[in-house]
Amino acid sequence: MIRLRPAEDGAGRVPTMQYAANAYAKVARVALSPREAEAAVLLKAAGRLQALGTGVEAGPALNEALGFNQRVWTILASAATDPANPLPVEVRHGMAQLSAYVFHTIMDTMIEPTREKIESLVSLNNHIAAGLQGDAGPGA
């Protein structure tokens with residue numbers, strides 16, 4: 001196995017702050033609970049969609065962001081609807097309905113992209129992530 005060393009400064013030393021930040025990030029990734037990991041991936045998908053900006057147009061950037069979102073929701077839907085999942089049946093059914101909405105919206109956006117469709121996906125990802133993090137949101 002090949003091990004890569006962190007970037008060195010001009011004198012062949014690894015900058016201490018960079019090394020510490022990299023070590024912290026690695027530990028943080030390993031220490032996430034499943035709910036925290038799901039929330040983080042949903043937020044990452046939302047961020048990729050938001051990065052498209054206000055002028056949404058068909059192309060590789062849109063397809064990549066939508067494809068990533070679709071992969072995330074495929075995994076979530078699969079896990080949530082698994083009969084062995086301990087979640088209540090109502091919650092599993094709700095996740096199946098949300099997933100169907102997300103998949104439909106993704107396909108519709110690939111065909112005819114609009115800012116409103118992207119915003120709908122971003123909002124849904126952010127709200128589900130907040131719920132997974134224990135933040136029920138305003139009015140809950």
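**Figure 1. Overall fold.** In what order do the elements of the protein run from the N terminus on? The order is α-α-α-α-α. This is a predicted model, in which local features need pLDDT of at least 70, side-chain atom pairs count only at pLDDT 80 or more, and totals for chains, interfaces and linings use all residues. Residues are numbered from 1 along each chain as its sequence is written, and side-chain values use heavy atoms, with hydrogens and water left out. The protein has 5 helices and 0 strands. Helices (H or I, at least four residues) and strands (E, at least two) are DSSP runs, numbered from the N terminus. Of the 140 residues, 26% are buried. Buried means under 20% relative accessible area, exposed over 50%, and partly exposed in between (1.4 Å probe, protein chains only). Contacts are heavy atoms within 4.5 Å. Among contacts with a separation of 6 or more, 63% join residues 24 or more positions apart.

Figure 2. pLDDT is the predictor's confidence in each residue, from 0 to 100. Its mean over the protein is 82. A value of 70 or more is reached by 74% of the residues. Over residues 1-8, pLDDT stays under 50. For this stretch the model has 10 contacts beyond four places in sequence.

**Figure 3. The largest nonpolar core.** A nonpolar core is a set of buried Ala, Val, Leu, Ile, Met, Phe, Trp, Tyr and Cys residues joined through side-chain atoms within 4.5 Å. The largest one holds 24 residues. Leu42, Leu49, Leu66, Trp73 and Ile118 touch the most other members. At least two core residues come from each of H2 (34-50), H3 (60-81), H4 (89-111) and H5 (115-132). H3 gives the largest share, 8 residues. In soluble globular proteins, nonpolar side chains tend to be buried together.

**Figure 4. Close-up of Leu49.** Residues up to four places away in sequence are not counted here. Leu49 touches Ala65, Leu66, Asn69, Arg115, Ile118, Leu121, Val122 and Asn125.

**Figure 5. Helix H3.** How far apart are the end C-alpha atoms of H3? They are 31 Å apart, which agrees with the 32 Å that its 22 residues should span at 1.5 Å a residue. The expected span is 1.5 Å times one less than the number of residues. Buried in H3 are Leu62, Ala65, Leu66, Gly67, Phe68, Asn69, Val72, Trp73, Leu76, Ala77 and Ala80. Their cover includes H2, H4 and H5.

**Figure 6. A charge over a ring.** The charged end of Arg48 sits over the ring of Phe68. The distance to the ring centre is 4.0 Å. Such a case requires NZ of Lys or CZ of Arg within 6 Å of the ring centre and within 35 degrees of the ring normal.

Figure 7. H4 has 23 residues and reaches 33 Å from its first C-alpha to its last, close to the 33 Å expected. Its buried residues are Arg92, Met95, Ser99, Val102, Thr105, Ile106 and Thr109. H3 and H5 are among what covers them. Ser99 counts as buried because its relative accessibility is 2%. Leaving aside neighbours within four places in sequence, Ser99 is in contact with Trp73 and Ala77. The C-alpha atoms of His93 and Thr81 are separated by 7.1 Å, at 12 residues apart along the chain.

**Figure 8. Helix H5 and Ile128.** The 18 residues of H5 should span 26 Å, and its end C-alpha atoms are 26 Å apart, which agrees. Among its buried residues are Arg115, Lys117, Ile118, Leu121 and Ile128. H2, H3 and H4 are included in what covers the buried residues of H5. Ile128 touches Leu42, Trp73 and Leu98, not counting residues up to four places away in sequence. Ile128 and Ala39 are 89 residues apart in sequence, yet 7.3 Å apart in space, C-alpha to C-alpha. Just after H5, Gly134 takes a positive phi of about 90°.

**Figure 9. Gly53 in the loop between H2 and H3****.** Gly53 is partly exposed, with a relative accessible area of 26%. Its C-alpha atom is separated by 9.8 Å from that of Ile118, 65 residues apart along the chain.
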